Structures are given as C-alpha cells and as structure tokens.
Amino acid sequence: MKNLIKYTLHDYIRSHKYFPPISTFIIIIFVFYTYTPNPIIDSYAVTAVVLYIISAWVCLSMLQLDPPVQRQLMAIHVGSWNRYYLSKLVSVLVISIILSAFAFLYPIVFKMFSEPVTFTTGLVTFANHIILSILGISLASLFSKVIMNSTINSFGGLTLTIVLSLAAVGIERVLPPFLKNILWILPPATITQIPLLDWNGRYIDNLALFPFIWVIIYSFIITFLFLQLAKRLR
C-alpha cells in the first residue's frame, strides 16, 4: 500500500491535474495575507475552510485519474479494493498536510500576525486544517466518478453540498425549530469555527472539543459509506 501511495502521488503530479487546485490555494493564501497584521485564530480559521474546499477538489481529480482497467489491476496488486481506494485517499491527505503546513507557516515566516503564535494556538489551528481537509476528502470521495458516472452530477453535487455546508449557520437561523436537526446531515464544515473564534488561544481546556470530534466521526462515516458503495458499484 505504501508503494501504491508513492505511485499515486507520482502519477498525479505527472498528470498535472494537481496544478489548478494547488495553485488556486497558494494564490488565495498570498492574497489573503496581503494586508497585515492579521489576527491569528481568525486567519487560520479561514484558511482551514479554504483547505476543506481545495482538499475536496484534489480528491475528486485524483479519484478520476485511473481508467477502469488500471483500477482493477492495481486493486489486484494491493490485495483488495478497500486498500486501493484508501491508498488514493491517503495520497490526497498527504497533499493536504503539505498544504496545511504551507498555510500555517507562511504567515509566521513572513510575520503576518500581530503577535507570536503560541504552541497551543499553533497545535489547535494546524489540527483544524487537517481535520477539515479530511472532511473535504471524505465528502469528495462520495461524489467522485467512482460512485457517480455523470461528471455534472459529480461536480454539481459536490459543489452544492459544499455550499450548503458552508451556509449551515445561516440556514439554521431561518429554519423552524422542528427542522433544525436535519442540519446534522450536512457536512460540519463550519462547526469548528465558532468555538475557535470564541477561544482565547491559551488553554485547550477552554476550547469546546466536541465539534472537532464530530467532524472526525462524520468523516469516517462518509469514508466507510464510500468504500461500501465503491465495492458494490465496481
């Protein structure tokens, strides 16, 4: 599986499909930090949401990389379809971790913040980038062409779901009380933002951790669903 991850990353880079999402992310980071100084937690909260979208984009393009015959050969080589698809998702995660490191280090190196980044603040905000990128990856897998044959349904469905997930807070305000629980179905892309923005950045004990845990649980549920559907539809 390790060799397959290496091969997948090499093949993805060689295909040049990485360029649109990654270059878009880098440009957004550059533009976002045009004006200084910036608040630490607020800035990292925004770039984490951007990475959520970019990770979904990268995942969608990576899962479309292999033609059907090549998928079958690689699945036989690694021993199972689950290993094949997990290697793809892990490959996207590797790219997302690199992008997270860039989004985290860039404003520190070039002194874009109004104050130094403490270890606690850095740990939490970096983890938030990783967690939201995992959510984006799991969500995109469910809308990939592995599951949906139509490109329009794939991109359209993913785009609509991402938009709804980002608008969840606003949607909650206009929904009647008996319908609010339906929002648990939507990807929790913004659920970590409120506790982060209310956090003083000093002690993790003062930070509500359930939102972060729920994003992880939700991501694993979606990934499990993707693997089950992929095996049935192959």
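The model is predicted. The buried residues of H1 are Leu-4, Ile-5, Thr-8, Leu-9, Asp-11 and Tyr-12. They lie on the same side of H1, because they cover an arc of only 165 degrees around the axis. The general rule is simple. An α-helix has 3.6 residues a turn, so residues three or four places apart point the same way.

The face turned away from the buried side carries the exposed residues Lys-2, Asn-3, Ile-13 and Arg-14. H1 itself runs over residues 2–15, 14 residues in total. From first C-alpha to last, H1 reaches 20 Å, close to the 20 Å expected at 1.5 Å a residue. Just after H1, His-16 takes a positive phi of about 65 degrees.

Move on to helix H2, which holds Ile-28. Ile-28 is partly exposed, with a relative accessible area of 34%. Ile-28 and Leu-105 are 77 residues apart in sequence. In space, their C-alpha atoms are 15 Å apart.

Next come the rings. A search of the whole structure finds 16 aromatic pairs. One of these is formed by Tyr-33 and Phe-113, and is edge-to-face. Their centres are 6.0 Å apart, with 80 degrees between the planes. This pair links distant parts of the chain, 80 residues apart. Tyr-33 sits in the loop between H2 and H3, and Phe-113 in the loop between H5 and H6. Both Tyr-33 and Phe-113 are buried.

Tyr-106 and Phe-110 form a tilted pair, 5.1 Å centre to centre, with 45 degrees between the planes. Tyr-106 is buried, because its relative accessible area is 13%. Phe-110 is exposed, with a relative accessible area of 53%. Ring pairs link these residues into a cluster whose members include Tyr-33, Tyr-106, Phe-110 and Phe-113. Phe-30, Phe-32, Tyr-44, Phe-102, Phe-104 and Phe-126 also belong to the cluster.

Finish at helix H10, residues 210–233. H10 has 24 residues and reaches 34 Å from its first C-alpha to its last, close to the 34 Å expected at 1.5 Å a residue. Among the buried residues of H10 are Phe-212, Trp-214, Tyr-218, Ile-222, Phe-226 and Ala-230. The buried residues of H10 pack against H3, H5, helix H6 (119–142) and helix H9 (193–198).

Terms used:
Residues are numbered from 1 along each chain as its sequence is written. This is a predicted model: local features need pLDDT of at least 70, side-chain atom pairs count only at pLDDT 80 or more; totals for chains, interfaces and linings use all residues. Side-chain values use heavy atoms; hydrogens and water are left out. Helices (H or I, at least four residues) and strands (E, at least two) are DSSP runs, numbered from the N terminus. The expected span of a helix is 1.5 Å times one less than its number of residues. Buried means under 20% relative accessible area, exposed over 50%, partly exposed in between (1.4 Å probe, protein chains only). The arc is that of the directions from the helix axis to the C-beta atoms. Contact means heavy atoms within 4.5 Å. Rings of Phe, Tyr and Trp (its six-membered ring) pair if their centres lie within 6.5 Å; planes under 30 degrees apart count as stacked, over 60 as edge-to-face and the rest as tilted.
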